[in-house]
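Open the model in your viewer and keep the selection tool ready.

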Amino acid sequence: HKVFSKLKYKQNRRFFKSLTKVKSSFLDSSIHSLHDKVFEDTNCLACANCCKTTSPVFTDKDIVRVAKYLRLKPSQFFDKYLKIDEDKDYILKSLPCMFLLEDNSCSIYKVRPKACREFPHTNRRKQVQLLKLTEKNVEVCPAVFEIIEKLKKELVK
């Protein structure tokens, strides 16, 4: 998947640029439909590349919720697991995610950050506002790669 996404990088750049001209409601319904189809046959636990290669952004609410679950004060949780990135977001200090278990399941799944719950964001509304994120996620998530490849075929019909 990673090799294919690299090979299609230039093609995808042009494709994502063209998507900004597509009517928002049409883009949402197209991507949501493909999301549903692709995720019927996707086992995220077989991959977990998102947890291995990228950090979610932790909101203040996420920090409080996860810290409570781990029986830590929010400041202790931050000191142990998080750092502030160049965008002033709270992210993990290191990758892969330290909450990822050997079987690719998540040890804090019940209280995982909002960004993890929503990943890969292809079922959210206003996809046109998420195109940059989706373009990045093509390289992270094989399911997103597949959704975009199917979308290309659908729109070129």
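Buried means under 20% relative accessible area, exposed over 50%, and partly exposed in between, with a 1.4 Å probe and protein chains only. This is a predicted model: local features need pLDDT of at least 70, side-chain atom pairs count only at pLDDT 80 or more, and totals for chains, interfaces and linings use all residues. Residues are numbered from 1 along each chain as its sequence is written, and side-chain values use heavy atoms, with hydrogens and water left out.

Select F77. It is buried, at 0% relative accessible area. Now show F58 and Y81: ring pairs link F58, F77, Y81 and F99 into a cluster.

Next, select F78 and Y90. They form an edge-to-face pair, 5.7 Å centre to centre with 80° between the planes. F78 is partly exposed, at 24%; Y90 is partly exposed too, at 27%.

Move to I147. Leaving aside neighbours within four places in sequence, I147 is in contact (heavy atoms within 4.5 Å) with I31, L34, H35, V38, F39 and T122.

Finish with charges over rings (NZ of Lys or CZ of Arg within 6 Å of the ring centre and within 35 degrees of the ring normal). Select R112: its charged end sits over the ring of Y109, 3.8 Å from the centre. Then select K152, whose charged end sits over the F15 ring, 6.0 Å from the centre.

Definitions and conventions. Phe/Tyr/Trp six-rings, centres within 6.5 Å; stacked < 30°, edge-to-face > 60°.
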